[in-house]
Amino acid sequence: MLPVTADDHLPGPVAVLANPTAGRGRHRALLPRLLDGLAAAGRPIRLLPASSPAEAEAACRTAVADGAGALVAVGGDGTVHRALQAVAGTAVPFGPIPAGTGNDFALDTGFPADPLAAAAVIAEAVRDGRSQPVDLARMVGADGVERWYGAVLAAGFDAIVNERANRMRWPRGPRRYDLAILVELARLRPRRYTLRLDGVPHDLDAVLVAVGNCPTYGGGMRICPDADPTDGLLDVVVAGRVNRRTLIRVKPRIYQGTHVSHPLVRSFRARTVELAAEGITSYADGERSLRLPVTISAVPGALRLLR
């Protein structure tokens, strides 16, 4: 898709949301250099104050409402997810600087993996008044709550593992997630899902369900390998009645995207996905999101990327 070029420079300051704990803090010392790189665009830079995910999201919404000319998120997919809630469906362009443990949305939409290089790309786009439209996924819960996501919605085994890990108080760090995997593997069982894909119903038993706007989640796992955030469609990947041994054997193949050739894995494509199952809380862009049932729609051009 061809870039859109504005006649004039962006009108307001560049608002920057930075998560100092992203990627376990390994890029924290880079922030002054990243801000300097963004300032090369010739626009005022405004660093948004936020000490929690909720405050981060609120700060982004306020910045957009107050006339920010652009919004930049420094962090991983969780930081990007918070920022997307503010810019989705607006004319305010957005730039992700990958500085987290998982940077799937930034990398899948063509930004450099190096944070400084990504900042340079964004600064050039701001300076030139250039942006490129990409799709987002809009999800609506049974109570009418609306959320947006850029990468992948997990609504199966991976979501269940995340939910358990978030409830655990011990151990701390990555080992908590590893323990949650072991616990949920021992409890693994197919669950009954109802899918409606553009109105066509599919009732199935599955252990893993993912709805992707982009191909990857979890720091590079190509769960929906054919997803394209510019095609106006969502990719749905379902692993059916898979036992523990098969899941352990197939899961490493997700990094290459070759799991979709397994006979128990099915792929679909649709503009609108209605997804229902008992007792599942979804995770979007790795962040705890809405409880099923949800309706997910591909929204073409919902985001303007600074590229």
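Helix 2 (residues 53–65) and helix 3 (residues 77–87) pack against each other in this predicted model. Their axes come within 8 Å and cross at roughly 30°, and the crossing is right-handed. On the helix 2 side, the contact uses P53, E57, C60, R61 and V64; helix 3 brings R82, A83, Q85, A86 and V87. Sort those residues by type and you get six nonpolar, one polar and three charged. As background, an α-helix has 3.6 residues a turn, so residues three or four places apart point the same way.

Now step back to the whole chain. It has eight helices and 17 strands. A compact globule of 307 residues would have a radius of gyration near 19 Å, and the chain agrees with that because its own value is 19 Å. Along the principal axes, the C-alpha atoms fill a box of roughly 55 × 45 × 35 Å. Of the 307 residues, 54% count as buried. Take the contacts between residues at least 6 apart in sequence: 70% of them join residues at least 24 apart.

Helix 6 (residues 157–167) is mostly covered, with eight of its eleven residues buried. The buried set is F157, D158, A159, I160, V161, E163, R164 and A165, so you'll find charged names such as D158, E163 and R164 listed there.

Is S282 buried or exposed? S282 is buried, because its relative accessible area is 0% and the cut-off for buried is under 20%.

| Side chain | Backbone atom | Distance |
|---|---|---|
| S282 | oxygen of L290 | 2.6 Å |
| D143 | nitrogen of V145 | 3.2 Å |

L290 also turns up among the contacts of S282. Leaving aside neighbours within four places in sequence, S282 touches M139, L153, A154, E287, R288, S289, L290 and L292.

As for D143, which residue lies 151 places away along the chain, with its C-alpha atom 9.4 Å from that of D143? That residue is V294.

Key. Residues numbered from 1 in each chain as written. Predicted model: local features only at pLDDT ≥ 70, side-chain atom pairs only at ≥ 80, totals over all residues. Heavy atoms only, no water. Axes fitted to C-alpha atoms, helices over the stretch in contact; angles between N-to-C directions. Helix = DSSP H or I, 4+ residues; strand = E, 2+ residues; numbered from the N terminus. Left-handed = near helix turned anticlockwise from the far one by under 90°. Contact = heavy atoms within 4.5 Å. Buried < 20%, exposed > 50% of the residue type's maximum accessible area, 1.4 Å probe, protein only. Polar contact = N/O pair within 3.5 Å; in protein donor to acceptor, adjacent residues only side chain to side chain. Rg over C-alpha atoms; globule rule 2.2 N^0.38 Å.
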